[in-house]
Structures are given as C-alpha cells and as structure tokens.
Amino acid sequence: MPATRDDLLAYFEELGIPVTTVDHEPVFTVAESGDLHDRIPGGHTKNLFVKDKKGRLFLIVALHDAEIDLKKVHQIIGAQGRVSFGNADLLMEVLGVEPGSVTPFSLINDREAQRVTPVFDAAMMQHEVLNYHPLKNNATTAISAADLLKFASACGHTAQVLAVSEEAKAAGL
C-alpha cells in the first residue's frame, strides 16, 4: 500500500523536517493552480515522471513555469536516449500516486526499490521554500530546499541538482 498523507507527515516529523500544509480544491495541472501561488508563498512547481529507452525512471522537478526541452533533457540527466512520459499504471506502481498528484514526496513510496532517479532543477533549488502536493492534489505542503534534499536522502535517493530548465541554463546554474 502506498503511503498516505498522514504517513508522509509523520515521516517528516520523524526526520525533524518542519513543513506546513494548506488544504484546497484538487488541482490537476499547473494552469489550475494559479490562485494558489498568490495564497501560498514560495516556489511552485511541476513534476515530470519520465523514462528512457532502457526503462530507467526519472522524476524531474522544476518551477511551475520552467521551460524544459524534453528532446534534449536526456543529455543533462544521463538518460539513454530521449525520454518519454511514464504512464499512469507505472506511476502508481513505482511512486504510489496518480497523475495530477506527482510530487517529490512520492519518493517515500520508492524507498525499497529505489527505481526512480530524482532530478531537481537548479533554478528551483534557489528558492528557500518550495511547494508540493502531499501525495494528493487537494493540498500543498511547503518545505525548505535543504529539507527536500534531506527527505530524498532519507528515502534512499541521491537527488541530482541539475540545470534542466532553460532558466537555470541561462543563469549559469
């Protein structure tokens, strides 16, 4: 069984990671989340669950308005050939979340198998506070960038912080 929001929040507490969570109507796309950006401070994000030609899985996490060239990102993240989106069944199998609820917090469901390589955009990591769904898209949880890395590590993942967005590349990050 995938972790629940309560499991996730308890894990944050166990790790000594302070977070704040705001409940809201479910949002399925970045476009639907516009008013949340005004109500919840910090960097708002998008998450891309992709696989390469060899079946390796990546979770690319960037700011909500970041431009990511999916035809070239494989060269940056170390994928074998171009990447494509993982389907809903694979997403549920590996990260335990549904489309529209993809989040780096879903790494909690990949602690044993460690099938996913998390890639955090360097421009996103410049924000002190970052916002993600707590495994469901009807809430937003704020966490510090440093604590996001701590969380990923506690889940057995070494997150790659790379300039995957055009913005990060332009800034020389």
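Trainee: How many nonpolar, polar and charged residues are in the lining of the largest pocket?
Mentor: In this predicted model, that lining holds 12 nonpolar, 14 polar and 1 charged residues. The pocket itself has a volume of about 480 Å³. Among its 27 lining residues, Lys-46, Asn-47, Gly-100, Val-102 and His-133 are the closest to the centre.

Trainee: What about the second largest pocket?
Mentor: This one has about 170 Å³ of space. Its lining has 14 residues, and Gly-96, Val-97, Glu-98, Leu-135 and Lys-136 lie nearest the centre. By class, they divide into 7 nonpolar, 4 polar and 3 charged.

Trainee: Now the inside: which residues have the most contacts in the largest nonpolar core?
Mentor: They are Leu-95, Phe-105, Met-124, Leu-148 and Phe-151, in a core of 33 residues. Leu-148, for example, touches residues including Phe-105, Met-124 and Ile-143.

Trainee: Why is β5 described as largely enclosed by the rest of the structure?
Mentor: Because 5 of its 6 residues are buried, meaning under 20% relative accessible area. As for neighbours, β5 pairs with β3 in the parallel sense over 5 bridges, and Phe-120 is the bridge partner of Val-61. Strand β8 also runs parallel to β5, joined by 3 bridges, with Asp-121 opposite Leu-162.

Note on methods. Residues are numbered from 1 along each chain as its sequence is written. This is a predicted model: local features need pLDDT of at least 70, side-chain atom pairs count only at pLDDT 80 or more; totals for chains, interfaces and linings use all residues. Side-chain values use heavy atoms; hydrogens and water are left out. A nonpolar core is a set of buried Ala, Val, Leu, Ile, Met, Phe, Trp, Tyr and Cys residues joined through side-chain atoms within 4.5 Å. Buried means under 20% relative accessible area, exposed over 50%, partly exposed in between (1.4 Å probe, protein chains only). Contact means heavy atoms within 4.5 Å. Helices (H or I, at least four residues) and strands (E, at least two) are DSSP runs, numbered from the N terminus. Two strands pair if DSSP finds at least two bridges between them. On a 1 Å grid over the protein atoms alone, a cavity is a set of points where a 1.4 Å probe fits but cannot get out, and a pocket is an open set with protein on both sides within 12 Å along at least five of seven lines; lining residues have an atom within 4 Å of a point. Grid points are joined across faces, edges and corners, and a volume is the space filled by probe spheres set on the points. Ala, Val, Leu, Ile, Met, Phe, Trp, Tyr, Cys and Pro count as nonpolar, Asp, Glu, Lys and Arg as charged, and the others, Gly among them, as polar. Lists of a residue's contacts leave out its neighbours within four places in sequence.
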